[in-house]
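Subject: Structure for you to look at

Hello,

Here is the structure I promised to pass on. Please open it alongside this message, and my notes follow below.

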Amino acid sequence: MKRVILTVFTVVAALLFCGCNCIQETTGKPVSTVSKKLKVGLYVDDGASGNGVLHLASLITHSPQTELVLLLAEDIRAGKLKSVDVLVMPGGSSSKQCNTIGKAHWNKIHDFLRNGGCYIGTCAGMFNVLEHRLNLLPFSRHFKAGGSTAFVKVEISPEGAKILGIKPGERVVRYSGGPVAFKVDKSKCEGKGIALATYKSAVSRDKAQEGKFIGSTAWVYGSYGKGKVIATSFHPEYWDSTHDMMLACFYAVSGVKMTPEFPKKNPRPLRVGVFTLGMNKKAAVNAMLELESEPDIDLDYVMAAEINQGILRHLDVLILPNSKINVAKDYITPEQLKDFMDAGNTVVATGKIATLAPEHKNLIKLPAKASVKKHIMNKL
């Protein structure tokens with residue numbers, strides 16, 4: 001147990017520093033094997049947020065067929081897409097992602113695809129695909145559609161199932177405000193695309209409108225130049241039950257069948273939750289991957305939805321990385337933290353967010369720029 005707690009502190013310290021050579025012809029017929037690892041560039045800069053970023057990083061890291069490359073906007077502007085096979089744009093804010101990269105540099109993504117690169121997007125990453133953003137495929141969105149986090153049904157078409165390498169039919173997925181799209185018949189978009197799946201549940205904030213959008217596009221696929229593009233309006237990366245749908249995205253654009261091999265956990269590992277509000281950037285993602293690799297730790301990524309669903313009842317340690325206190329207090333309260341610690345659990349809080357937690361014997365406060373990793377490693 002001592003070694004486990006020290007490992008937690010080690011990773012907290014790390015948190016504080018905060019053509020595809022796609023193996024596929026444009027006919028859409030994938031090959032089943034690759035001679036080298038697929039290099040996957042995951043965007044982790046402003047506009048990329050939520051647990052999906054960390055789930056994607058985990059899936060890519062733990063698949064022996066792929067190599068994770070973390071990308072900032074400055075990396076894209078500097079032309080580093082040439083060093084990867086696939087660009088993955090996660091959930092968060094499409095406008096922030098595109099604005100952070102800069103409109104003058106959107107051509108870097110267009111050229112990457114024209115030369116055979118692959119693009120995968122989820123939620124905000126699908127917004128990027130549409131005509132009003134990067135204009136990669138001939139799809140637009142219903143402006144009165146969309147809603148908050150919900151469980152919804154999508155139906156994968158027989159044609160979509162063939163491209164994806166999974167079964168057709170209905171699936172329950174996690175939806176969180178992604179675009180509800182439709183095909184633009186007379187589009188001037190350079191890319192060509194089709195719908196792989198449609199919504200079978202209502203996805204609208206406006207009760208008077210919600211029935212209108214059943215049957216709208218939830219999953220798109222197509223070509224752009226020599227490259228391939230695929231994007232989901234929903235979040236297949238979040239749940240174990242939909243990981244096959246996320247992996248199918250990689251298969252559809254690259255022909256690579258990923259087989260994640262997650263670290264084995266010891267009996268009764270320490271349950272550690274990390275409050276991930278606003279977490280991105282390379283240091284934070286790398287720190288989470290390091291924590292996840294510890295066999296004595298079962299890691300959970302915690303946001304508002306998970307707190308509301310009672311995840312604190314199942315954790316031993318909650319890490320609150322340094323973040324803006326005025327944002328964090330809207331999602332987790334001092335009363336919740338006190339109840340958590342009163343139950344014998346530990347809160348590790350760093351920087352300003354530590355002021356959110358009430359004084360308690362089970363509270364460990366660390367300064368925002370503290371570096372304890374070297375000291376702890378020397379004591380092991």
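Predicted model: local features only at pLDDT ≥ 70, side-chain atom pairs only at ≥ 80, totals over all residues.

Asp-316 counts as buried because its relative accessibility is 17%, and the cut-off for that class is under 20%. You will find Asp-316 in the loop between α10 and β14 (317-320).

Next, the pairing of β1 and β2. Strand β1 (residues 38-43) and strand β2 (residues 66-71) run parallel, joined by 6 bridges.

Of the 11 residues in α2, 10 are buried, so the helix is mostly covered. The buried stretch is made up of Asn-51, Gly-52, Val-53, Leu-54, His-55, Leu-56, Ala-57, Ser-58, Leu-59 and Ile-60.

His-55 turns up again in the second largest pocket, where it is one of the lining residues nearest the centre, along with Tyr-238, Trp-239, Asp-240 and Asp-300. The lining comprises 24 residues, and the volume of this pocket is about 630 Å³. At least two lining residues come from each of α2, β13 (297-302) and α10 (304-308).

The largest core contains 90 residues, and Ile-120, Leu-164, Tyr-199, Trp-219 and Ile-230 have the most contacts inside it. Helix α8 (residues 243-254) contributes the largest share of this core, with 8 residues. Another core lies apart from it and has 20 residues, including Val-302, Leu-315, Leu-320 and Ile-353.

Last, the cysteines. How many disulfides does the structure hold? The number is 0. Two of the cysteines I checked for burial are Cys-98 and Cys-249: Cys-98 is buried because its relative accessible area is 4%, and Cys-249 is buried because its relative accessibility is 0%.

I hope this helps you find your way around. Do write back with any questions.

Best wishes

Key. Residues numbered from 1 in each chain as written. Heavy atoms only, no water. Disulfide = S-S within 2.5 Å. Buried < 20%, exposed > 50% of the residue type's maximum accessible area, 1.4 Å probe, protein only. Pairing = 2+ DSSP bridges. Helix = DSSP H or I, 4+ residues; strand = E, 2+ residues; numbered from the N terminus. Core = buried A, V, L, I, M, F, W, Y, C linked by side-chain atoms within 4.5 Å. 1 Å grid on protein atoms, 1.4 Å probe; cavity = no way out; pocket = protein on both sides within 12 Å on 5 of 7 lines; lining within 4 Å. Points joined across faces, edges and corners; volume = space filled by probe spheres on them.
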